[in-house]
Structure formats: C-alpha cells, structure tokens
Amino acid sequence: MSSDSDALHIDFGSPEAKKNPWPLLDRLRREDPIHYVEKMDLWLVTRYEDVRDLFIDERVTGDRRRWSHYVRPKEGGIFRWIDDFGLMALDRKDHARQRKLLGSGFTPRGVERMNRQIREVVDRFAQPLHGRTGVVDIMREFTTPIPNAVISAVTGVAATGVDDLEFSRLAQETIQGFFGFV
C-alpha cells in the first residue's frame with residue numbers, strides 16, 4: 001500500500017495512461033494493489049479480492065459523513081441532499097435493499113432490454129443524418145441529446161409535449177442548475 005508521493009509514482013494524467021490505462025493498472029495490481037492517489041484524494045483498489053473484502057468489512061463505509069476529513073456541503077445544495085438522503089447515507093440494511101431493487105434492472109434480461117432501447121435511441125438520432133451534406137453540428141444534433149433520451153427511455157420518464165432535442169436542452173439546463181461547473 002502506497003501513495004503517489006512514495007517510490008511508485010503513477011501519472012494517471014499522462015498521454016500514455018489516457019490512451020491505454022491497462023499497463024498502468026496491471027503494474028498497480030502487481031506492485032501496489034491498494035494505491036492512494038493524492039491528487040484525487042482517493043484509494044484505487046485494483047484487485048477483485050480486495051474490492052470484495054471492502055464490501056463485506058463493516059468498518060468500511062461509503063457514507064462520506066463518517067470520513068475523517070468530511071466537510072459538510074452548504075445547506076440547500078444537491079450535494080447536501082445526496083449526503084443526507086442518497087444511497088450511501090442509508091444504513092447497511094436499507095442500502096442492501098435499495099441495491100437489490102436497483103440491481104434487478106441489471107439482470108441479463110434487463111441489460112438486453114436496455115441495449116435494445118439504447119440502440120433504438122441512437123438509430124432515431126442517426127436516421128436524419130443519413131445522406132445529409134454540408135456542415136452538421138454533430139454535438140447538437142446527435143451526441144448531446146442521446147444521453148438524456150436514453151435515460152428517458154430506460155427510466156420510462158418520457159419527454160411529453162416536447163421533442164427529444166428540446167427535452168435534451170431542458171435536461172442540460174436542469175443539470176447545469178445543479179452543477180454550475182458543467
């Protein structure tokens with residue numbers, strides 16, 4: 001177990017790591033499977049066995065409010081709400097119940113259904129672009145609206161009364177309201 005300031009220096013921001021992180025992760029798995037990344041203030045756990053052990057160890061919590069360096073977010077913000085009511089704020093029993101509910105959507109059948117829904121959304125946005133000539137604003141017409149349309153399709157929260165592009169614009173404005181840095 002070491003940190004970035006120790007002998008094993010890992011540069012996650014290097015062009016090589018960004019292009020192909022697997023050699024770096026393989027090295028960490030061999031030499032330092034539980035590595036503290038100082039710049040990001042997090043522990044990177046690279047082996048399955050260690051991750052599994054962390055999940056069953058009752059001393060370990062994802063509840064940030066119990067961390068030694070926790071700073072409570074300002075009243076009224078989304079981060080405060082997440083800290084107070086989010087999945088990680090639940091006790092172990094309620095957390096397990098919620099995970100089971102969420103996990104039920106990730107069965108092979110559920111994943112196949114989502115895969116079909118995602119493909120339908122991508123096809124729907126790609127169709128108007130076929131055969132187009134000239135300049136196409138790929139971000140506005142294709143890339144940006146797809147995530148919101150996918151979330152809408154998968155969750156069943158439909159964009160009633162507006163088209164997908166308008167729904168995407170409204171969703172982006174809402175997200176920016178919560179996260180000003182987006």
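In which sense do E2 and E3 pair, and over how many bridges?

Tutor: First, the ground rules. This is a predicted model, so numbering runs from 1 along each chain as its sequence is written, local features need pLDDT of at least 70, and side-chain atom pairs count only at pLDDT 80 or more. Totals for chains, interfaces and linings use all residues, and side-chain values rest on heavy atoms, with hydrogens and water left out.

Now your strands. E2 and E3 run antiparallel to each other, paired over four bridges. Pairing here requires at least two DSSP bridges between the strands. The labels come from DSSP runs numbered from the N terminus: helices are H or I with at least four residues, and strands are E with at least two. E2 covers 34-37 and E3 covers 42-45. If you want to trace the pairing residue by residue, Ile 34 stands opposite Val 45 in E3, and His 35 has Leu 44 as its bridge partner in E3. In a regular strand the side chains alternate between the two faces of the sheet. The two strands make a hairpin with four residues between them, and Asp 41 in that turn has a positive phi of about 50°.

E2 and E3, along with helix H3 (48-56) and helix H5 (92-103), each supply at least two residues of the lining of the largest pocket. A pocket is found on a 1 Å grid over the protein atoms alone, as an open set of points with protein on both sides within 12 Å along at least five of seven lines; lining residues have an atom within 4 Å of a point. The volume is the space filled by probe spheres set on the points, with points joined across faces, edges and corners. For the largest pocket, that comes to about 940 Å³. It is lined by 30 residues, and those closest to its centre are Leu 54, Val 60, Thr 61, Gly 62 and Met 88. The lining splits into 15 nonpolar, four polar and eleven charged residues. In this scheme Ala, Val, Leu, Ile, Met, Phe, Trp, Tyr, Cys and Pro are nonpolar, Asp, Glu, Lys and Arg are charged, and the others, Gly among them, are polar.

Side chains of opposite charge can pair when their charged atoms come close. The cut-off is a side-chain nitrogen of Lys or Arg within 4 Å of a carboxyl oxygen of Asp or Glu. For reference, buried is under 20% relative accessible area, exposed is over 50%, and partly exposed is in between, using a 1.4 Å probe and protein chains only.

The count of salt bridges is 13. Another one joins Asp 84 to Arg 80, with the closest N and O atoms 3.4 Å apart. Both are in helix H4 (residues 78-85), four residues apart, again about one turn of the helix. Here Arg 80 is buried at 13%, whereas Asp 84 is partly exposed at 23%. Further along, Arg 140 meets Asp 137 at 3.9 Å, N to O. Shared partners also link Arg 72, Glu 75, Arg 80 and Asp 84 into one network of salt bridges.

For contrast, take the second largest pocket, at about 210 Å³. Helix H8 (145-155) and helix H9 (164-178) each supply at least two of its lining residues, with H8 giving the most, five residues. By class the lining has six nonpolar, five polar and no charged residues. One of the lining residues is Asn 148, which is found in H8 and is buried at 8%. Setting aside neighbours within four places in sequence, Asn 148 is in contact (heavy atoms within 4.5 Å) with Phe 167, Ser 168, Ala 171, Gln 172 and Ile 175.

Notes: On a 1 Å grid over the protein atoms alone, a cavity is a set of points where a 1.4 Å probe fits but cannot get out, and a pocket is an open set with protein on both sides within 12 Å along at least five of seven lines; lining residues have an atom within 4 Å of a point.
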